[in-house]
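Trainee: Before I use this model in any calculation, I would like to go through the terms applied to it and ask what each one rests on.
Mentor: Then let us look at the model and set each term against its criterion.

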Amino acid sequence: MSPENKSFPKIGVASCCDGEFNRPAVELIIGMLHKVGIDTSTNPTEADAIIVNTCAFLVNGETRTGGILNEIRQNMKPDTRIYAIGCLIAKYGKTKVEELLPDISAPFGNHAEAAIVRKIAKDFNVNIPIDIELSFRDREVTYPREYSYLPISDGCNEKCTYCSLPQYRGKYRSRPLTEIKEELEILTKQKVKEVALAGLETTGYGQDLSDKSSIIDVLKMVHKNPKIKKIILALAHPKGFTDELLETISTMPKLKIIEIPFQHINNRILEAMGRETTKEQIISLLQRIKTLRPDILLTTTFIVGFPGETQEEYNELIDFLNQGFFNGGFGAFAYSPEANTKAATLPNQLSWETKLQRWEYIKERFPINGKSMLNPVDKDTTLKERVHTKILTKLRPDGDLLPGLHKIMRRKDLMLDTMNNVEGVDERMILDQIVNDVNKHPELIGEGAKVIRKNFTSDYIQELTEETNHWLNNESFSSNEREYLVILKKILVN
Ligand code: SF4
């Protein structure tokens with residue numbers, strides 16, 4: 001740090017979600033700020049500027065961004081400046097965002113990590129090297145430190161008719177394998193043991209590379225690293241599962257979770273969505289994975305209420321979910337029309353009430369698997385209304401274990417049943433679920449404690465108790481996060 005920077009005010013860095021791009025981008029910004037001698041803080045009440053990394057995936061991402069902005073506005077000092085980067089800005093453009101959200105300074109779009117650091121340095125008269133550039137080598141892993149995303153590509157060449165992400169993330173760009181390997185080593189030096197291979201569409205890795213490397217090469221390289229204990233293959237397009245990839249998966253015990261977004265199961269809807277897969281192919285793929293690796297956790301996402309979705313087509317999706325393939329949970333989104341997408345121009349757009357009703361049913365019917373990704377306050381509203389919507393959400397970029405309390409509020413009669421039926425479900429989901437249930441019905445605390453003792457080793461419980469105590473004593477959290485921790489602690493010591 002240069003001497004003149006010592007009194008430099010603190011910068012907060014927040015992310016609207018823990019997404020595969022957002023979290024690494026936030027960690028990169030934190031690393032770059034530290035590199036030029038600027039302090040960061042996770043406490044909005046002491047930050048003089050806060051950088052918000054925004055999301056724009058369907059109405060959900062925008063609403064989450066609104067929640068974060070509101071949390072920040074409520075907790076920050078009156079003169080704190082907010083800077084925004086990320087997909088929401090790229091999607092709507094700087095002019096529109098500044099017009100609608102005048103309290104946000106200098107919004108930047110994607111890939112603006114270096115630009116935002118330069119801008120802040122300029123605004124606060126801090127001397128930093130004029131030629132500061134973006135480098136993955138500067139990335140600093142945030143909590144929980146053992147888990148991290150490893151971006152392998154950006155952009156997408158697919159033509160899903162509901163999706164606007166390729167418009168503002170661009171064409172498919174694979175990172176060179178050597179660069180991914182180097183970043184993996186940087187992460188493991190920071191104690192990372194679990195990595196999620198991330199990209200908008202990971203099985204397409206290598207399609208733009210002349211050396212013909214593929215997702216198989218990435219998996220093999222990561223699997224070989226002795227410090228890595230768990231691998232997650234995120235956002236894998238179903239059509240990318242070749243025989244060779246499936247064979248590779250069968251030989252990789254460290255690959256524990258695969259996320260394959262299917263989006264629907266009805267053939268007419270899949271075709272209208274441009275997914276280039278059929279129901280028959282999806283079921284065959286799932287059966288093959290289950291046969292090859294019965295231990296693996298499968299997760300997915302679905303969109304309900306796509307234009308023209310009939311009740312029968314929706315019922316077909318429910319029947320499919322009832323088959324229980326997704327032991328790692330799944331996310332359900334209510335369709336929202338995106339500008340400049342084909343699906344937005346299709347006839348028979350469903351009412352918000354119908355979409356919400358279909359989404360609500362899934363949330364109720366599949367409480368532990370139906371990981372909530374949509375807040376019922378969402379509406380077909382303007383951007384301004386969306387980003388001002390008040391929802392409870394997490395503020396800290398490092399709050400992976402602290403998801404707030406808004407996630408799933410379930411009926412009590414379903415809780416005991418699912419609490420005792422969590423075999424094969426990811427441990428973070430189990431904890432989230434139990435804390436959410438006990439928050440809603442404190443009398444379930446004993447049941448929650450039993451489930452924890454049944455599913456976790458005593459060493460793990462001990463470690464978690466110590467970490468929870470540490471966080472409660474040493475870290476500053478929003479009131480929701482603190483509430484989460486307090487409940488967790490009560491359950492752990494019960
Ligand atoms: S695969 Fe489809 S849904 Fe995913 S980013 Fe590409 S276009 Fe969007």
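Trainee: Which elements of the chain have the lowest and the highest mean pLDDT in this predicted model?
Mentor: Helix α15 (residues 412–419) has the lowest, with a mean of 34, and helix α10 (residues 267–273) has the highest, with 98. For the chain, the mean pLDDT is 77, and 78% of the residues reach 70 or more.

Trainee: Where does pLDDT stay under 50?
Mentor: One such stretch is residues 368–426, for which the model has 154 contacts beyond four places in sequence, and another is residues 1–6, with 9 such contacts. Where pLDDT is low, the predicted coordinates should not be read in detail.

Trainee: Why are α7 and α8 called roughly parallel to each other?
Mentor: The axes of α7 (residues 177–189) and α8 (residues 215–224) cross at roughly 30° and come within 11 Å. Angles under 35 degrees count as roughly parallel, and α7 and α8 are therefore described in that way. Their crossing is right-handed.

Trainee: What makes the contact of α7 with α8, and how do its residues divide by class?
Mentor: Leu177, Ile180, Lys181 and Leu184 of α7 meet Asp217, Val218, Met221 and Val222 of α8. Of these residues, 6 are nonpolar, none is polar and 2 are charged.

Trainee: Why are α8 and α9 also described as roughly parallel?
Mentor: Helix α9 (residues 243–250) packs with α8 at an angle of about 10°, their axes being 10 Å apart. With the limit set at 35 degrees, α8 and α9 are therefore roughly parallel to each other. Ile215, Ile216 and Leu219 in α8 meet Glu244, Leu245 and Thr248 in α9, a contact with 4 nonpolar residues, 1 polar and 1 charged.

Trainee: Which residues surround the ligand, and what is the shell by class?
Mentor: The ligand is surrounded by Cys156, Glu158, Cys160, Cys163, Leu165, Pro166, Leu200, Glu201 and His237. Its shell has 6 nonpolar, 1 polar and 2 charged residues, with Cys counted as nonpolar.

Notes. Residues are numbered from 1 along each chain as its sequence is written. This is a predicted model: local features need pLDDT of at least 70, side-chain atom pairs count only at pLDDT 80 or more; totals for chains, interfaces and linings use all residues. Axes are lines fitted to C-alpha atoms, for helices over the stretch in contact, and angles run from 0 to 180 degrees between N-to-C directions. Helices (H or I, at least four residues) and strands (E, at least two) are DSSP runs, numbered from the N terminus. Angles under 35 degrees count as roughly parallel, over 145 as roughly antiparallel, 65 to 115 as roughly perpendicular and the rest as oblique. A crossing is left-handed if the near helix is turned anticlockwise from the far one by less than a right angle, and right-handed if clockwise. Two residues are in contact if their C-beta atoms, placed from the backbone, lie within 7 Å. A residue is near a molecule or strand if its C-beta atom, placed from the backbone, lies within 6 Å of it. pLDDT is the predictor's confidence in each residue, from 0 to 100.
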